[in-house]
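Look over the sequence and the model before reading on.

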Amino acid sequence: MIRGRDIVKRFGPTTAVDGVTFDVMKGETYGLLGPNGAGKTTLMRLLSALSPLSSGGLVVAGLDVTRQGRAVRERLGVVTQQDGLDTDLTVRQNLETHGYFSGLSRRESRRRAAEVLAFFGLSDRAHDDIDHLSGGMKRRLAIARAFMMAPDVIILDEPTTGLDPQGRNLVWDKLAALKASGVTILMSTHYMEEAAALCDRIAIMHQGRILDEGTPDELIERHASVEVAQLRMVTDVKAEVQAALVAAGYAWREVGTMIHVAARDGQRPQVPPLEGVRVTYRPGNLEDVFLAVAGKGLGEE
Amino acid sequence: MRTQGTWIVAGVRWRSVQALWLRHAVALKRIWKVATTWYLVEPAFALVAVGFGIGRLVDEVEGGVRYSVFVAPGIIMASAMIHAIFECSWGVFYRITGGFYETVLTAPVTVTELALGDLTWAATRAVLTTISVGSVAIAFGWVTSPWAVGILLAALLVGMEIGAIGLIFAALSPNTHTLSLVFTVVATPLYFFSGSFFPIAVLPDVLEPLAWALPLTPGVHIAQGFARGELRLTHLWSALYMIGLTAVILPIAIRLLKRRLVT
């Protein structure tokens, strides 16, 4: 459904996307995982034909993004990071005008808006002002708008960033329903749990490149230790602990007040017994993958 | 779901222009009570204050024309200008910075089509306020010629031309501070020096050609011609000057908008 080859995007001297090659199959949910500034948003703008490529090739639904931008946008539903809702209009009018912009007649727009509102559980808010909606509802409306034309492909840029847990669950529910209906989804996120819960395949992006790609399980198997030790320091012995870990040859990172330790062979790390340290063990996850692949944690710039 | 057939001329899909116009109309309909103050009440204040107030002090201008009759078309055009400039600078600026235009562009719509949609809406606003303030002027007996309906044409030209200038400010302004310059640099001088309140002939000789070059002056000149039912060749030149200015400014505005929206 989407085929990208050696995509490069430069803004003056900086290279935001630096030779990205990837494929998304029909009906697949594909995740771009990476920290802010990894090039995810830029890549998604290129995909939506909102921004021209510096070089490389990008084909969406059989159409060349560079030469057939308008036709590509006819087939895509795009949810930008800012909701970009029209605050001068009501919920329903937001959907109707988008349908009209996309080429539906006014009557078709009205009919389709009613359907989409029902699907996204927004029917009873149809006549509300945008400013009266919660963050989760605004995001759902933004996704609903992208769904107005029943697109083959939906592109979502960080669909749950900035939402509270309840709002996030509402959005996840709807994305799962869209996925079940067979829509091809390409989404970016910097939440591990989101990528693990929704995506069939994940590409790990860092500094404009895809560092690795695979199913969540494949990536964990390939890069994350099977078991990770979590060290909680009861007294101030951080420096001693770190020195001991270096000596033992383990990879580690600081997570808040804890230190996560992984053995290179994926086995349970044998943390040397240290005074004032409590050790617990947990299975490896995508966060560990990102650390292993990008050499640093997701939260760090 | 596929889109239906539509006109595409020179790469511009007419349907998109229409869609943005419709969006603006729907938004206006939602707030029509408040909007009445902008379209009618406020400009009518100016008309009444100047027409009755200053009209009492000034006997006649330009050889035998009552001051209220002289000033009415100018005040109408000033209101048309304010509406066009406000729509295309502040309106467009907020639709860009709020992320709305970015989402419109995810539909099969281009920046050029957005600019044309905003421009046609600016012209619509100019015409709407001309109708409402014009009706007041007619009620006071300050506009009497049946030719006065032609003032709508002047409003249309002013709306497009001033709207195009507004788009440039929307495209270039990084923030609302720089955006507010559109009033200091464009709206205010045009309001006072376009021959609305006094004939340009009373200006010092050096300033006279400068005043004629201002983009609103020909609009006021045309409106005055229609209002009194006295049309001359100079009115045709004025119309061509405005069309020419629009044709030069609009492509620049579109280019700057593209730079801001599609990078």
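**Interface and a helix residue**

Q: Which residue of chain A forms a salt bridge with R23(B)?
A: The model is predicted. The closest N and O atoms of the pair are 2.9 Å apart, and the cut-off for a salt bridge is 4 Å. The partner of R23(B) is D88(A).

Q: How many salt bridges does the rule find across the interface of chain A and chain B?
A: R23(B) and D88(A) form a salt bridge. Across the interface, the rule finds a count of five.

Q: Which helix gives the most to the side of chain A that touches chain B?
A: Elements that each supply at least two residues to this side are β1 (2–11), α2 (69–75), α3 (91–101) and α4 (106–119) of chain A. The top contribution is five residues. They come from α3(A).

Q: How much area is buried between chain A and chain B?
A: The contact takes 37 residues from chain A and 33 residues from chain B. Carbon and sulfur atoms give 53% of the buried area. The area is about 3,400 Å².

Q: Which residue's backbone oxygen does the side chain of T130(B) reach?
A: The distance is 2.7 Å, and a polar contact needs N or O atoms within 3.5 Å. The backbone oxygen belongs to A126(B).

Methods. Residues numbered from 1 in each chain as written. Chains lettered and ligands numbered in written order. Predicted model: local features only at pLDDT ≥ 70, side-chain atom pairs only at ≥ 80, totals over all residues. Heavy atoms only, no water. Polar contact = N/O pair within 3.5 Å; in protein donor to acceptor, adjacent residues only side chain to side chain. Contact = heavy atoms within 4.5 Å. Buried area = accessible area lost by both parts, 1.4 Å probe. Salt bridge = Lys/Arg side-chain N within 4 Å of Asp/Glu carboxyl O. Helix = DSSP H or I, 4+ residues; strand = E, 2+ residues; numbered from the N terminus.
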